[in-house]
Amino acid sequence: MPHDEFRAFIDSHREFLILSHVDPDGDAIGSSLGLAWALQGLQKKAVVGNESPLPDSLRFLPGSEWVKRPAEIGRVFDAVFVLDCSSLDRAGEAARLVAPGATVANVDHHAANDGFGAPRLVNVEASATAELIYEILDAYGAPLDPEVAECLYVGLASDTGAFRYQNTTPRALRLAARFVEHGARPDTAADALYGRKSEASLRILGLALASLEKRSGGQVGALTISREMFDRAGATPEDADGIVQFAKSLDGARVGILIQEVAPGEVRMSLRSDGSVDVNEVAGRFGGGGHKNAAGARVRGDLAKVRGAVLEALDRAVNGGPPPPRG
């Protein structure tokens, strides 16, 4: 049973590295920090790493200062948890912190998970990886301390869109209530995730909204942010977190996409669907992945060319045409 394997894994090591995917969201960071707090409560040492900078909206989480970039960590580990990643590659440069021959535990809820690592708990029916971390900790008998509850609540709330998305299950709502009973603060989480924006975030939002393009008869809402727009707004890609939801909110849109030039020659795409279009399949054609309703990818190349290719792929997806060759 996976729970017995995770118990043996935890019991047989004193120090763990915890990794999650590049461009982390609330589930990736909430799950990582929730697990780190729980491991420390079991008298273990936990180091949390991520290739990307921590989003400002998640700095309120207890232990957020523990999240380090690979260069700050600077050594390899023999016992590693990889969370919310469909493959080890999704951890990006941070995967280099995994020692040759290390034991790698895979905890994830993505359908595209390639089955790496052992022990492994992959459940596509879970609303969030945070749900699976709770399952492991509960089976172990670890206490649900307030810090753990707060972090896992944010993971659950983030991946369900504040309990608005189709993956909001009865179990997710029951778990949210349990986390609140043990110290999670829904008002604080909602304010941090959705209620507060920096000046730079608002300025880049305005520029992004002005770029709105309707495609496929309004079935696709597309927003684009170039490096020049980031510079004009005094913003960074982290300031654009969540903007893709505005593309998806276009009346009549089945899919929303945000395309960002995050660095010279590097383009990031975020896709959201109403469930009628599999954006995971579209993202997969560009080396990315995620879920049927939410996915993303990073692509090396010119902004205009990448944008044209992904929008063509989306047009084909929403209109039922054959997909373009994989890029």
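Contact here means heavy atoms within 4.5 Å. This is a predicted model, in which local features need pLDDT of at least 70 and side-chain atom pairs count only at pLDDT 80 or more, while totals for chains, interfaces and linings use all residues. Residues are numbered from 1 along each chain as its sequence is written, and side-chain values use heavy atoms, with hydrogens and water left out.

Q: Among contacts between residues at least 6 apart in sequence, what percentage join residues at least 24 apart?
A: The set considered is the contacts in the protein between residues at least 6 apart in sequence. Of these, the share that joins residues at least 24 apart is 65%.

Q: What radius of gyration does the protein have?
A: The radius is taken over C-alpha atoms, and the globule rule is 2.2 Å times the number of residues to the power 0.38. The C-alpha trace spans about 55 × 40 × 35 Å along its principal axes. For 327 residues a compact globule would have a radius near 20 Å, and the protein agrees with this at 19 Å.

Q: What percentage of the 327 residues is buried?
A: A residue is buried under 20% relative accessible area, exposed over 50% and partly exposed in between, with a 1.4 Å probe and protein chains only. By this criterion, the buried part of the 327 residues is 53%.

Q: How many helices and strands does the protein have?
A: Helices (H or I, at least four residues) and strands (E, at least two) are DSSP runs, numbered from the N terminus. The count for the protein is 12 helices and 12 strands.

Q: Is Val 48 buried or exposed?
A: Val 48 has its place in strand 2. Its contacts, not counting residues up to four places away in sequence, include Ile 18, Leu 33, Trp 66 and Ile 73. Because its relative accessibility is 3%, Val 48 counts as buried.

Q: What is the geometry of the pair formed by Phe 9 and Phe 16?
A: Rings of Phe, Tyr and Trp (its six-membered ring) pair if their centres lie within 6.5 Å; planes under 30 degrees apart count as stacked, over 60 as edge-to-face and the rest as tilted. The structure holds seven aromatic pairs. In the pair of Phe 9 and Phe 16, the centres are 5.3 Å apart and the planes make 75 degrees, which is edge-to-face.

Q: Which residues form one aromatic cluster?
A: Phe 9 and Phe 16 are both buried. The cluster consists of Phe 6, Phe 9, Phe 16 and Phe 81.

Q: Which are the edge strands of the open sheet of six strands?
A: The sheet has mixed pairing and the order 7-8-9-10-12-11. Within it, strand 8 (residues 220-225) and strand 9 (residues 255-263) run parallel and are joined by six bridges, and Ile 225 stands opposite Gln 260. The edge strands, each pairing on one side only, are strand 7 (213-215) and strand 11 (289-290).

Q: At what angle does helix 12 run to strand 9?
A: Axes are lines fitted to C-alpha atoms, for helices over the stretch in contact, and angles run from 0 to 180 degrees between N-to-C directions. Helix 12 (residues 303-319) lies across strands including strand 7 and strand 8. Its angle to strand 9 is about 165 degrees.

Q: What is the relative accessibility of Glu 266?
A: Glu 266 lies in strand 10. Its contacts beyond four places in sequence include Gln 260 and Arg 298. Glu 266 counts as buried because its relative accessibility is 18%.

Conventions
Two strands pair if DSSP finds at least two bridges between them.
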